Amino acid sequence: MADNNNFIHDIIEKDLASGVNTAVHTRFPPEPNGYLHIGSAKAIWISSFTAKKYGGLFNLRYDDTNPAKEDDEFVWSIRQDLEWLGAIPTGGVYFGSDYFDKCYEYAVKLIKDGKAYVCDLSKEEMEQYRGTLTEPGKESPYRNRTVKENLDLFERMKNGEFADGAKTLRAKIDMSSPNFNLRDPAIYRILHKTHHRQGDKWCIYPLYDFAHPIQDALEGITYSLCDIGFENHRPLYDWVIENIGFNPRPHQYEFARLNLTYTVMSKRYLRKLVETGIADGWDDPRLPTLCGLRRRGYTPSAIFDFLGRVGVTKVNSLTETELLEHCIRDELNRNALRRVCVLKPIRVVITNYPEDKTEYFSLPNNPNDENAGTREVPFTRELFIDESDFAEVPPPKFFRLKPDCEVRLMGSYVIKLNEIVKDGNGNITELHCTADLETGCEKPIDGRKVKGTIHWVSAKYAKSATVMMYDKLFTVANTAEIENGDYDAYLNPESQVKIEDAKIEPSLADSKPGDRFQFVRCGYFVRDTKNDNTYNLIVGLKDSFKA
């Protein structure tokens, strides 16, 4: 993980040096209405790493102020994702709903101070009164209710006397402000919904822009770090802090969110993919969710390496998915064990090899790690090679198996194709070859050169497996350019290809869910955690990212 300073660290170091703050306390405030994605990982990384760097504390606080969308399933998944990333909430785990009583108390204070009022305008009417970029908003006809009337109405809202949407509590700020967020924003709404933790205790709920600064202040947060989308909300954040009178107080700072090519970060759309069955759950390996990336075989260290390379700025940009792939490929190239998998097998018979003989060849577990050792791979008369390594009518410069030419079986013999056996329909059933039995792990003794090397598994000892090949979720790089969010039209129909009855070397029988391998000449794969005897493509061998 990069330890380079960024503009947030510059602010913190200046504050610590001047005594504005004596400690660093950050938080991550996810709403439990879906699963976290890699964009969330950026927010987690920035806040947790910043706290750790300065010996401070990091809180996890669930923003559960909207009972219409929240669920305990998402609460559990968020905690699991943080634990997987190693972002330990050293300052504690909290829920926004823990502060409902305090939020109500502070709302009453604002009413008593003449800074909040109960409004009867509907949502549509409030929009009409709000004004435009060039015209100021109009004051609500209910703006000048007396403190006594507002207190009475707000208590009756709490007691459930009014229907959803009948009234709101609004902050009394400035209807002519150039910042729309200060044009008397709603800070409480009526919602007769059962809360996942509070049950039916409340039928009014604070809006995020009101609840969030209160939560930060009560937890002693010093640096409230959030994405750039909240930059225009900061004046309201400060207004709440100042008018309630918190001291010491938190400060909000914004950073550019993570935008990644060929995917979307919209929880709403990801939920749609899951609920319509297009995705295999929130942990579908094609999704940018953290559980999807985990199932795909990505590691926290690769994700943090990626985020460190992206950096922390205030300028939104589009990051290439190839950079993320480069980071996991670089890590796996160093530490993944090598194994053999034949994705689309063709049977090869070595006609001059004894039918009842088995011998073993040593293959390296990882050529980049001298401590990884070797393994013994069985060789028999009948083998499987991949159909891509054979051509009956080869194209130019095809250095794999073809008629009357030789090829090296990786780590073992040189073989020559003599006969192509077909069934009555003209389909190839077997390839009959002869082996130069003097070439086991050695060059031909007569000095002839063999250009091609292909991988193989013994037909007698190979195991069958399902292999899932994955590609990009969308066919366009910048999904933000898709008009009206019509993402369905740009889903990649080849984003998932299932290969059944692939042949794997026998040592993989001992693999466990989550184990990662390089299937030589194929790519990096992980044993699936959801489906038995299945391997998911993590990333291919070819690195297209230009560092």
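This is a predicted model: local features need pLDDT of at least 70, side-chain atom pairs count only at pLDDT 80 or more; totals for chains, interfaces and linings use all residues.
## Helices α4 and α6

Two packed helices are described by the angle between their axes and the distance between the axes. Helix α4 spans residues 100-112 and helix α6 spans residues 147-158; they pack at an angle of about 160°, and their axes lie 9 Å apart. Because angles over 145 degrees count as roughly antiparallel, α4 is described as roughly antiparallel to α6. Their crossing is right-handed.

On the α4 side, the contact is formed by Y104, A107, V108, I111 and K112. The α6 side supplies V147, N150, L151, F154, E155 and K158. Sorted by class, this contact of α4 with α6 holds seven nonpolar residues, one polar residue and three charged residues.

## Helices α11 and α12

Helix α11 (residues 300-310) packs against helix α12 (residues 321-335) at an angle of about 135°, with 9 Å between the axes. That angle makes α11 oblique to α12. The crossing of α11 and α12 is right-handed.

From α11, the residues S301, A302, D305, F306, R309 and V310 take part in the contact. They meet L323, L324, H326, C327, I328 and E331 of α12. The contact of α11 with α12 is made up of seven nonpolar, two polar and three charged residues.

## Nonpolar cores

The largest nonpolar core contains 51 residues. Within this core, F28, I38, L82, F306, L307 and I538 have the most contacts. Helix α2, which covers residues 38-53, is the element that gives the most to the core, contributing eight residues. F306 of this core also belongs to the α11 side of the contact with α12.

With residues up to four places away in sequence not counted, F28 touches L36, S40, A43, I44, F58, N59, L60, R61 and L82.

## T466 in strand β23

T466 is part of strand β23, which runs over residues 463-470. Its relative accessibility is 16%, so T466 counts as buried; the cut-off for buried is under 20%.

Neighbours within four places in sequence aside, T466 is in contact with K498, I499 and E500, and also with N533, T534 and Y535.

Note on methods:
Residues are numbered from 1 along each chain as its sequence is written. Side-chain values use heavy atoms; hydrogens and water are left out. Axes are lines fitted to C-alpha atoms, for helices over the stretch in contact, and angles run from 0 to 180 degrees between N-to-C directions. Helices (H or I, at least four residues) and strands (E, at least two) are DSSP runs, numbered from the N terminus. Angles under 35 degrees count as roughly parallel, over 145 as roughly antiparallel, 65 to 115 as roughly perpendicular and the rest as oblique. A crossing is left-handed if the near helix is turned anticlockwise from the far one by less than a right angle, and right-handed if clockwise. Contact means heavy atoms within 4.5 Å. Ala, Val, Leu, Ile, Met, Phe, Trp, Tyr, Cys and Pro count as nonpolar, Asp, Glu, Lys and Arg as charged, and the others, Gly among them, as polar. A nonpolar core is a set of buried Ala, Val, Leu, Ile, Met, Phe, Trp, Tyr and Cys residues joined through side-chain atoms within 4.5 Å. Buried means under 20% relative accessible area, exposed over 50%, partly exposed in between (1.4 Å probe, protein chains only).
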